[in-house]
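Please look at the structure shown below before reading on.

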Amino acid sequence: MYDVIIIGSGVVGALHARELSKYPLSILVLEKNNDVSMEATLANSAVVHSGHDPKPGSLKAKFNLLGNRMYRQLSKELHVPLLECGGLVVATSPEEEQVLDGLFERAGVNGLLENEYQMLTREEALILEPNLSDQVSKAMSLPTTAVTFPWEMAIAGLENAINNGAQLLMNHEVTDITRSEHGFVVHAGGDVFEAKAIINSAGAYSAHISEMLHPKFFTITPRRGEYFVTDNRFPIVQTVVYPAPGKKGKGILATPMVHGNTLLGPTSNFVDFDAQHQTTPEGLNEVRNNITKTIKHVPFDKIIRSFAGSRPTADAGDFIIEETSPGFVNLGGIESPGLTAAPAIAKYVVEELVIPRFSVLPKSDFDPIRKKRVKMHELTINERNEHIKDNAKYGHIVCRCETVTEADLDAIHRPVRARSHGRDQTAYRAGAGRCQGAFCSLEVLKILSRELNIDPIDVEYKPRSFVLAAKTKGAQ
Ligand SMILES: Cc1cc2nc3c(=O)[nH]c(=O)nc-3n(C[C@H](O)[C@H](O)[C@H](O)COP(=O)(O)OP(=O)(O)OC[C@H]3O[C@@H](n4cnc5c(N)ncnc54)[C@H](O)[C@@H]3O)c2cc1C
């Protein structure tokens with residue numbers, strides 16, 4: 001019998017696991033995929049929004065602001081990069097200037113402090129972001145806007161939770177939940193677990209999980225966002241540039257990423273579940289056509305990748321954060337600003353909804369620090385040599401574009417064990433550079449196959465998607 005089962009290992013589930021691991025409770029995270037955070041947390045804009053934009057009085061507004069104020073400390077404790085670059089919402093017409101005035105008022109109502117939002121003339125905005133388009137006439141500055149690395153935040157949160165006693169099982173899709181005398185019986189991946197409380201953080205599938213116990217009371221529709229990523233040797237912007245918001249939300253942004261790349265996007269279109277991760281010519285053209293409205297000198301020839309992510313949009317139009325029946329907490333519709341809000345939602349759910357059931361005090365031996373991973377590209381030559389002396393694998397460069405060594409790819413043996421080629425590529429940056437894995441993919445495949453002791457043909461890129469299609473004639 002577990003005290004708490006968390007369903008889903010996205011950033012929301014991960015930070016709930018970490019928050020719960022501050023207490024003397026047994027915690028199990030169940031994840032359906034073969035790796036953690038492979039859904040919304042994997043593919044988004046990575047922006048720690050200031051809180052200026054959500055509808056006043058909504059849960060999104062409340063938890064966005066609280067979450068934003070937690071990110072610096074959290075990033076420090078978990079050693080996750082945080083680019084404190086600020087943001088600018090820009091207007092390019094008199095109509096948009098009016099929208100900006102409304103947004104300025106909203107920022108104040110949402111609780112941003114006076115020094116956290118400021119209206120700027122074009123000239124003042126150009127000092128913060130020289131690459132604004134010629135059409136930009138006015139801008140609202142949001143200095144507390146930052147950029148994180150969402151996947152590493154989720155992995156780091158889980159690693160820290162595991163180091164503090166939580167457990168994680170991947171390849172465990174929850175297929176049924178029933179009530180029992182003492183709580184719940186959960187069927188997942190062919191196993192049966194019991195728990196006194198459940199946190200449903202299954203993202204796009206949260207309504208499905210909720211319906212295992214309750215009558216349907218919310219619906220999730222995927223809202224796809226498509227993006228371009230540009231080469232990190234050609235940074236385009238130094239601050240997050242938002243257009244004036246419209247019917248489709250925050251619009252198409254230019255975002256500087258923590259690794260130096262620039263993200264252009266996302267679009268916002270409701271789609272079927274099976275189309276949520278697909279890019280389309282129409283979507284990518286929408287990005288191309290809109291981005292030049294707010295910034296100039298966009299090096300379209302330096303685009304190295306496109307991708308799509310999917311927002312789990314609830315029909316309620318707001319986050320659903322409630323104990324729907326005793327011991328069962330539903331977290332539905334955690335779309336943007338869910339990444340920003342995640343630490344604050346976790347703190348609220350754990351402290352206000354879960355812990356009162358158990359009447360326990362925080363552990364005295366909770367360790368908030370996740371050990372820093374060595375990243376060779378951040379080190380001086382002397383520091384690199386020291387590491388190579390200790391472990392020769394630091395001398396074996398696997399990915400030349402991003403200077404990722406064999407020792408960097410130690411994720412297979414870390415608390416949140418990597419199982420997929422995609423993890424190495426996205427979280428550890430092997431293959432994330434200019435050549436997009438043309439040189440290192442095979443090497444990563446060999447390392448995974450060797451360390452997992454499986455045939456190369458069985459190495460997955462993402463869940464149920466393999467790197468190699470078939471053995472060629474004559475291969476062993
Ligand atoms: C295009 C886009 C742009 C965004 N930009 C931003 C931004 O800039 N800033 C911001 O704050 N937010 C942003 N967001 C929102 C943010 O990404 C999400 O709010 C956040 O990632 C949600 O995390 P999650 O853990 O709830 O969901 P997910 O990351 O989707 O995790 C849910 C997990 O549950 C698992 N699961 C599902 N069903 C089951 C089951 N039956 N059994 C076991 N496991 C299951 C899934 O496999 C998955 O791992 C954006 C989202 C998108 C898509």
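**From overall form to local detail**

A compact globule of 476 residues would have a radius of gyration near 23 Å, and the protein, with 22 Å, agrees with this expectation. The model is a predicted one. Along the principal axes, the C-alpha atoms fill a box of roughly 60 × 55 × 45 Å. The secondary structure consists of twelve helices and 23 strands.

How is the chain divided into domains? The domain assignment gives domain 1 as 2–41 + 150–219 + 316–358, domain 2 as 87–143 + 222–312, and domain 3 as 376–466.

Let us now consider the interface of domain 2 and domain 3. The centres of these domains, taken over C-alpha atoms, are 32 Å apart. Seven residues from domain 2 and eight residues from domain 3 take part in the contact. The size of an interface is often expressed as the accessible area lost when the parts come together. Between domain 2 and domain 3, about 620 Å² is buried, and carbon and sulfur atoms give 37% of this area. Which residues of domain 2 lose the most area to domain 3? They are His 259, Ile 304 and Arg 305, which together account for 64% of what that side buries.

The interface also contains polar interactions. One salt bridge is counted between domain 2 and domain 3, and three residue pairs are found in polar contact across the interface. By class, the side of domain 2 that touches domain 3 has one nonpolar, three polar and three charged residues.

In the structure as a whole, a search finds 31 salt bridges. In one of these, the side chains of Asp 53 and Lys 250 meet at 3.8 Å, N to O. Asp 53 lies in the loop between strand 3 (47–48) and helix 2 (59–68), and Lys 250 in the loop between strand 13 (240–243) and strand 14 (253–256), so this pair ties together parts that are 197 residues apart in sequence.

Finally, the backbone deserves attention. Most peptide bonds are trans, and most residues other than glycine have a negative phi. Gly 265 and Pro 266, however, are joined by a cis peptide bond with omega of about 5°. Pro 266 belongs to the loop between strand 15 (262–265) and strand 16 (269–270). A cis bond also leads from Ser 336 to Pro 337, with omega near 10°. Here the proline, Pro 337, is in the loop between strand 19 (328–332) and helix 9 (338–358). His 79, a residue other than glycine, has a positive phi near 55°; His 79 is located in the loop between helix 3 (71–78) and strand 4 (87–91).

Definitions and conventions. Residues numbered from 1 in each chain as written. Predicted model: local features only at pLDDT ≥ 70, side-chain atom pairs only at ≥ 80, totals over all residues. Heavy atoms only, no water. Domains from an automatic or database assignment. Contact = heavy atoms within 4.5 Å. Buried area = accessible area lost by both parts, 1.4 Å probe. Salt bridge = Lys/Arg side-chain N within 4 Å of Asp/Glu carboxyl O. Polar contact = N/O pair within 3.5 Å; in protein donor to acceptor, adjacent residues only side chain to side chain. Nonpolar A, V, L, I, M, F, W, Y, C, P; charged D, E, K, R; others polar. Helix = DSSP H or I, 4+ residues; strand = E, 2+ residues; numbered from the N terminus. Rg over C-alpha atoms; globule rule 2.2 N^0.38 Å.
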